[in-house]
Every structure is written in structure tokens, then in C-alpha cells.
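Hello,

Here is the structure for you to look at. My notes follow below it.

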Amino acid sequence: PCDGNYGVYGIDGEMLFTTNGLQLCKITVVGIDGRLVYETIVKPEDPIVDYNTRFSGVSSVEIGKGPAKTLKDVQNDLLGFINANTILIGHGLENDLRALKLVHMTIIDTSLVFPHYYGMPFRRSLKSLVQSYLKREIQAEKCGHDSYEDARSCIELMLWKMQQDLCQQPSSKTSISDSGSSPNSSQQNQYSSFSTSSPKSATNS
């Protein structure tokens, strides 16, 4: 793009068990403002053994009613708006990218940005991070995870982290009164509007 903005997206995938192991059954992509960009049910390549509904939130009803896309369809769709310079944000992103069978190097993984108290290989869950830093509950439904909620939470965590980092930077010689606004006012406004923005409102793909 002319403005050099290749996009920042939150991404989360849900998996189920097949005769050939875990495979992708749903993928969700949200924008930096938290709005839905892309979401679809994915048809597994092999026979399904367990829908893993407790975690995936996907049932036989969802898979059966369609429309469902093949993994190749999803790859083509994503590569239509994601390139090597696009930033992808997620939690345990290596799992999502492996399920998508895509290689992408420009990533931000919240499981690494917010490390476990005991260090690697331990990782805090997304639910724990959101509860600790954003002071709210996610994944509270008994019917499984919501990939939209998870992807949006990853974006929100990183906006919160950026705001905190900006607040901790040493103040410049130029005072607020001289500059007319605080150094991080634009980021604060972005985070504020994100936190209060409406949930899923974009059209599904």
C-alpha cells in the first residue's frame, strides 16, 4: 500500500480431532479496532473423530449446516489481504499457523509478550492474561471457546501493553501544555474506542 500500512490483525483458530490428528475447523480474523474481518467454518480433510466442542466451541450442527470452506480456500482468502509484512497477533500462534499450513514471520504472540512466572516452557493461558491485565472474564461459556472473543482479546491485550509502555516512557522536555496533547493521547483514544466498540459487526466470509 502507498501509506506503508500492511495491516494488523488478531487471529484465532479452533481445532477438532480427525483420524489424522488435530485439524482446523474454524478460523477468525479481527482488525485492530476489534471488528470482524474474516470468519468461516473449515471442512477437515479427514474423517472427524471428536468435535472437541468443550474447547473448540464447534459442534456437528455447525459443521453440518455449512457453508464450510476447504483449507485451500481459507489459505487463498487469507493471502488476499495478508502478506509478509502484515502483523498477526494471537496466543500460541504456532498452533494456528501450523493448522493453517502457513509460514508467517511477522507475528506478536501474547503468550510470549506476557511470559509465565516460571519462564519457558510454561505459558499462561489467554483466559488468565485477560483476567489479570484487562480485568474481565473470557471463555466462560460451557459450550467452548469463542474464536472471535479470543482473537479480539489478543488485540486488546497488545493495545493495553502499548499504552502501558508509552505511559512509562520518560517525559520529553516539551511539556503537555506546549505540545497541546500528551505523547500517548492518540494511543489512549484508540484503546478507549476499541474497548467500547461494538462486538461482531462486520460481514462474515
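Which residues form a nonpolar patch on the surface? They are Phe17, Leu22 and Val49, with about 280 Å² of accessible area together. Patches take residues with over 30% relative accessible area and no salt bridge, joining like charges within 9 Å and nonpolar side chains (Val, Leu, Ile, Met, Phe, Trp, Tyr) within 5 Å. Areas use the Shrake-Rupley method with a 1.4 Å probe, and for residues only the protein chains shown count as cover. Leu22 lies in strand 2 (residues 21-31).

Some ground rules. This is a predicted model, in which local features need pLDDT of at least 70 and side-chain atom pairs pLDDT 80 or more, while totals for chains, interfaces and linings use all residues. Residues are numbered from 1 along each chain as its sequence is written, and side-chain values use heavy atoms, leaving out hydrogens and water. Helices (H or I, at least four residues) and strands (E, at least two) are DSSP runs, numbered from the N terminus.

Next, the salt bridges. One needs a side-chain nitrogen of Lys or Arg within 4 Å of a carboxyl oxygen of Asp or Glu. The count comes to 7. One of them pairs Glu45 with Lys101 (3.4 Å, N to O). Glu45 lies in the loop between strand 3 (36-42) and strand 4 (48-50), and Lys101 in the loop between helix 4 (93-100) and strand 7 (107-109), so the pair ties together parts that are 56 residues apart in sequence.

Now the backbone. Most residues other than glycine have a negative phi, and most peptide bonds are trans. Asn52 is not a glycine, yet has a positive phi of about 55 degrees. Asn52 sits in the loop between strand 4 and helix 1 (53-56). Met120 and Pro121 are joined by a cis peptide bond, with omega about 10 degrees. Pro121 is in the loop between helix 5 (110-113) and helix 6.

Best wishes
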